Amino acid sequence: MTKKIVRKDGAVPQYYVEDCHEAIIEPETFDRVQEMIEQRSRVRHFSGATIFSTKIRCGECGGWFGSKVWHSTDQYRRVIWRCNAKYGGKAAGCKTPHVTEEEVKAAFVRVVNKLIGNRAMLLADLREVRQTYSGTDELSQRLHELDERLNAEAEMVQELIAQNARVAQNQDDYNAAYDAAVSRYEATKAEREKAAADICQRGIRRQEFERFITELEKLPKAVSEFVEALWGSLVEYVTVGKDKTMVFTLIGGTEMKA
Ligand SMILES: [Zn+2]
């Protein structure tokens with residue numbers, strides 16, 4: 001295992017819609033949310049589907065895997081997951097092979113045991129990365145400055161309006177000054193919203209790191225079978241490659257090949 005498994009570039013999946021209302025939502029996020037809504041609205045005829053729903057993604061086209069039951073009525077019954085694009089959509093004909101639930105579960109067991117085996121190094125890495133998320137003072141200071149600027153610019157607009165009511169003046173000049181002041185205000189407001197979203201995202205990332213660290217510390221010495229609770233607490237999603245390799249993206253952004 002290399003030290004690269006923890007992504008430090010900050011290019012992390014941003015689907016913290018519920019937590020950061022103001023945050024910028026990436027298109028991929030939107031797709032995922034849509035997918036979740038669709039899947040929830042569908043009637044499920046078998047149990048066990050939900051824990052893998054919108055958790056398995058295609059490494060080729062980027063789409064999500066959907067489930068299908070094979071041999072639903074005989075003893076060979078099994079649930080498989082395959083790229084939703086295989087039979088339609090913008091990436092129709094996607095060739096990424098399907099995976100069975102047994103394969104996904106077995107891969108997850110391998111990943112958990114890898115986590116356990118590398119726990120000490122991993123924890124050291126994560127704690128180091130966590131430091132980079134703790135430096136929000138600078139961001140908070142920036143937000144404070146933007147707030148002050150925004151207030152000043154809002155007052156400027158008010159002042160222009162008040163002045164125009166008091167003094168007779170060229171209305172073309174007035175309108176130009178007014179438009180310019182409003183533009184400045186709007187630009188600062190946009191900048192302020194982005195800064196607030198950044199702070200929020202960082203806060204959540206930090207929480208994710210904390211959670212992952214806690215989960216790692218809690219893991220037993222080894223696992224021999226699939227544990228649904230661990231799946232729920234550790235897995236962000238799994239990416240299936242065209243050679244059927246499975247790469248797990250865990251909470252906090254750590255990636256691990258099964
Ligand atoms: Zn695909």
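Modeller: Let us begin with a pair of strands: β3 and β4 run antiparallel and are joined by two bridges. The model is a predicted one, in which local features need pLDDT of at least 70, side-chain atom pairs count only at pLDDT 80 or more, and totals for chains, interfaces and linings use all residues. Residues are numbered from 1 along each chain as its sequence is written.

Colleague: What counts as a strand, and when do two strands pair?

Modeller: Strands (E, at least two residues) and helices (H or I, at least four) are DSSP runs, numbered from the N terminus. Two strands pair if DSSP finds at least two bridges between them. In general, strands of a sheet pair through backbone hydrogen bonds, either parallel or antiparallel. Here W81 stands opposite V99 in β4, and I80 stands opposite T100 in β4.

Colleague: Which strands form the open sheet with antiparallel pairing, and in what order?

Modeller: The order is β2-β3-β4. Its edge strands, each pairing on one side only, are β2 (65–70) and β4 (99–100). Six bridges join β2 to β3, again antiparallel, and F65 stands opposite C83 in β3.

Colleague: What is the order of the open sheet of four strands?

Modeller: That sheet runs β1-β5-β6-β7, with mixed pairing. Its edges are β1 and β7 (255–257). Three bridges join β6 to β7, which run antiparallel; F248 has M256 in β7 as its bridge partner.

Colleague: Which residues of the largest nonpolar core touch the most other members?

Modeller: A nonpolar core is a set of buried Ala, Val, Leu, Ile, Met, Phe, Trp, Tyr and Cys residues joined through C-beta atoms within 7 Å. A residue is buried if 20 or more other C-beta atoms lie within 10 Å of its own, exposed if 12 or fewer, and partly exposed in between, with C-beta atoms placed from the backbone. Among the 27 residues of this core, I56, F65, V104, V238 and V240 touch the most other members. Helix α2 gives the most to the core, with six residues. Leaving aside residues up to four places away in sequence, V104 touches F52, I56, W81, V99 and V238; contact requires C-beta atoms, placed from the backbone, within 7 Å.

Colleague: How many residues of α4 are buried?

Modeller: The number is zero, so α4 lies largely in the open. This helix (residues 137–166) has 30 residues and reaches 43 Å from its first C-alpha to its last, close to the 44 Å expected at 1.5 Å a residue. The expected span is 1.5 Å times one less than the number of residues.

Definitions and conventions. Two residues are in contact if their C-beta atoms, placed from the backbone, lie within 7 Å.
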